Amino acid sequence: MVPLSYYLLLSGILFVCGVLGFLIKRNIITIFMSIELMLNGVNLSFVAFAAHWHALSGQVFVFFVMVVAAAEAAVGLAIIIAVYRTRETLNVDQVNLLKL
Amino acid sequence: MTPNPYLWVVPILPLAGAAINGLLGRRSSKKAISTVALVFCGAAFAMALYLAAGFSSASAPYSFDLAHWIRSGNFQVDFSFYLDQLSLVMLLVVTGVGFLIHIYSVGYMWDDDAYYRFMSYLNLFMFFMLTLVLAKNYLVMFIGWEGVGLASYLLIGFWFTKDSAAAAGKKAFIVNRIGDFGFLIALFLMIKHFGSLDFTHVFAAVRSLPTETTGAGLLTAIGLLLMVGAAGKSAQIPLYVWLPDAMEGPTPVSALIHAATMVTAGVYMVARSSAIFERAPMAMMVVAIIGTLTALFAATIGIAQTDIKKVLAYSTVSQLGYMFMACGVGAFSAGIFHLMTHAFFKGLLFLAAGSVIHGVGGEQDMRKMGGLRVYMPWTFATMGTATLAIAGIPPLAGFWSKDEILWQAFNASWVYWLIGVITAFITSFYMFRLMYMTFGGEYRGAAVEGAHGHEVHGLDAHGHDDRSHGHGHGEPHESPWVMLGPLVVLAVLSVFGGWVAGYNNHFEHFLAPVFQGTSDVAQEASPEAGKSTLEYLLMVVSVGVAGLGWFLAYLLYSRRPQLPARIAASLGGLYRAVANKYYIDELYAVLFVKPLIDGSTTILWHGVDQGVIDAAVNNSADAARHVSDRARHMQSGNLRSYAGWIAAGGAVVIAYMVWMGLR
């Protein structure tokens, strides 16, 4: 059996990859994917703990996160398409119309 | 002490008038404004008459507690009103003369744009003045005292767009403040030592103290401080300088506030505090000396003034000096008597002067008047009456009161009497000089040729029917009846007012209960014996000098009009000093005003205000700005940098928790 710490380490690596991608990347789709990566990193730690403690609540949480992530993806992609249609770019630094 | 629930109504009436006109006047018609102002002021007068009709010396004094005010341990002050013989006299003078001047103002101020404001201020003044004279304790009196100061400031600076008027208003207010300072300290001393400000309590406490014959004690201190207050309000040396400048205000204001009523508040206060003064002979002596010196000093300045209102202003200062002289020698009732007659004839003089100024289109310089006798006969007649009264020609009002003062002064010391008589001579001289310059000779105004203009303007074509023409051009004209009416009433009072009250010392007997216990001073030693040959002799002397002053004025300003200039030239420096009011204003400017301004500029303004207060505020603001200037770079508006901060924060928290967990 794989020990818990391996799962947690992988989960942490996934999450940090997501954070770094979010911070570094300029392409809005990549940023979006980085967010998904962070969510999945967290999901992994949820299921790992659930398995370790034999508690179902962690797995239930993961379903919730997936539902929310799906909804978010639907809305977010719609926004991205709308932004691309008007700005003809996916670079977030150029989508700064609301910035002071 | 008899309760009388109507007392508080008297001051409230003008306050209501002031409030109505002040709040609604801007949109009302002038007729409505006049009606409100006159009705409320007249109602106060009617109320005063009603109180006077119900007044009986047996049940006096009356009092009424309107409301509680200060309750602090044993010390208490209430909104209380008080009516005894003294306040009754003041009440009638203030409401009576005040009402007449209200009527006059309707005519005088009719063309002014801020007519409603003027009438509202006048009513407000009446309220405060009535509060002052009807107060039952020093604190309520102080409300009135400060209030009349405020009203005076507002009215002097009524034409505030004129720099000189605004400055005069400020000057009056600031100089009065010096006097109020003394008054306040006196009140503090009373609270500390008597535990009360109520007249009856304070005077009872004072009467139980011994007379301070040797050295100065508490009562002398209180007396002197009260005198400081009185000197400010009643324009005595050294605080008289504001009154002549106060002539910048409209003429009815000069008549009401700066001649008939407000400036006499100091005399009233000193007379009201007679119980304190009679136990402090030294303070009384100071009062007498200040009064005497002021009387003489102001009268000499009056000789050389050319502005008709300035002459009257210095005359007022001088006459107030007489009143203080009377109070100082213990003849309080004589002082109040002169206060009353002075209110009649000086109010009349100012109103008549206003009528003259009105008639010649705003000119105040007497050198540009002359010959007005023909153009304005009613003004001439009434002003002549007042002049006879102030000069002390029997049997007019001024003669009785002035003679009474001089007689009482003589009983105290012949020095007071001598200076008083000299002042009477000067008074007579400058008043008749004013009359001859204004009404005698030929009209010198408007004609550009000046002294050469012998063409006396036709009188038939212009006159009373054609009043619609504007000011500043045309012939001098008589004032409308709304202005002449009060003049006539006051002239009648100037003639008979003194005769009725002065005959057989009626007035003194009436006031005697207020000033009883004034045993150790010259007051009313034996009224019957007062009619001695000596008194008649002194009477003849004072009438004589009045006649002499008249004659001299006639000689100089009617017979030989070129002579005064030559005399002035031969006197040189002395004349210049007098004409420039002895350079007192300049002296004060050098001694007090300039050091004060310089000190305020360098130390208080540049030093304390800019150096400490502003610096503290500015520097802390600068510091905050510098810190936030650095800190604001965190908020770049870049979403990913925020995320970075969040991530960094999260990392720090996790590191901390991990580190704590490992320990």
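In chain B, residues 24 or more positions apart account for 80% of the contacts with a separation of 6 or more. Two residues are in contact if their C-beta atoms, placed from the backbone, lie within 7 Å. The model is predicted: local features need pLDDT of at least 70, side-chain atom pairs count only at pLDDT 80 or more, and totals for chains, interfaces and linings use all residues. Residues are numbered from 1 along each chain as its sequence is written, while chains are lettered from A and ligands numbered from 1 in the order in which they are written.

One pair illustrates separation in sequence. B:E508 and B:A334 are 174 residues apart in sequence, and their C-alpha atoms are 7.1 Å apart in space. B:E508 sits in helix α21 (residues 506-511) of chain B. B:E508 has 23 other C-beta atoms within 10 Å, so it is buried. A residue is buried if 20 or more other C-beta atoms lie within 10 Å of its own, exposed if 12 or fewer, and partly exposed in between; C-beta atoms are placed from the backbone.

Chain B has 663 residues, of which 50% count as buried. Its C-alpha atoms fill a box of roughly 120 × 70 × 55 Å along the principal axes. Chain B holds 26 helices and three strands. Helices (H or I, at least four residues) and strands (E, at least two) are DSSP runs, numbered from the N terminus.

The largest nonpolar core has 212 residues, and B:F125 and B:V287 touch the most other members. Helix α15 (residues 332-359) of chain B supplies the largest share of this core, 17 residues. Apart from this core lies another, of five residues, among them A:F15, A:V19, A:I31 and A:F32. A nonpolar core is a set of buried Ala, Val, Leu, Ile, Met, Phe, Trp, Tyr and Cys residues joined through C-beta atoms within 7 Å. In soluble globular proteins, nonpolar side chains tend to be buried together. Leaving out residues up to four places away in sequence, B:V287 touches B:M227, B:V270, B:F277, B:F324, B:C327 and B:G328.

The three strands of the open sheet in chain B follow the order β1-β2-β3, with mixed pairing. Two strands pair if DSSP finds at least two bridges between them. The edge strands of chain B are β1 (2-3) and β3 (75-83), each pairing on one side only. β1(B) and strand β2 (residues 62-72) of chain B run parallel and are joined by two bridges. Here B:T2 stands opposite B:Y62, and B:P3 stands opposite B:S63. β2(B) and β3(B) run antiparallel, with nine bridges between them. B:D65 stands opposite B:S80 in β3(B). The hairpin of β2(B) and β3(B) has two residues between the strands, and B:G73 there takes a positive phi near 65°.

Several backbone features fall in loops. Most residues other than glycine have a negative phi, and most peptide bonds are trans. The peptide bond from B:I237 to B:P238 is cis, with omega near 0°. B:P238 lies in the loop between α8 (218-233) and α9 (242-245) of chain B. Another cis bond joins B:P394 and B:P395, with omega about 0°. B:P395 belongs to the loop between α17 (377-391) and α18 (397-412) of chain B.

B:Y582 has a positive phi, near 60°. B:Y582 lies in the loop between α24 (573-579) and α25 of chain B. With 13 other C-beta atoms within 10 Å, B:Y582 is partly exposed. B:Y583 has a positive phi near 55°, and is found in the loop between α24 and α25 of chain B. B:Y583 has 12 other C-beta atoms within 10 Å and is therefore exposed.

Helix α25 (residues 584-631) of chain B bends by about 45° at B:A615. The bend at a residue is the angle between axes fitted to the seven residues ending there and the seven starting there. Zero of the 48 residues of α25(B) are buried, so this helix lies largely in the open.

The two chains also meet. Five residues of chain B are in contact with five residues of chain A. On the side of chain B that touches chain A, two residues are nonpolar, two polar and one charged. Ala, Val, Leu, Ile, Met, Phe, Trp, Tyr, Cys and Pro count as nonpolar, Asp, Glu, Lys and Arg as charged, and the others, Gly among them, as polar.
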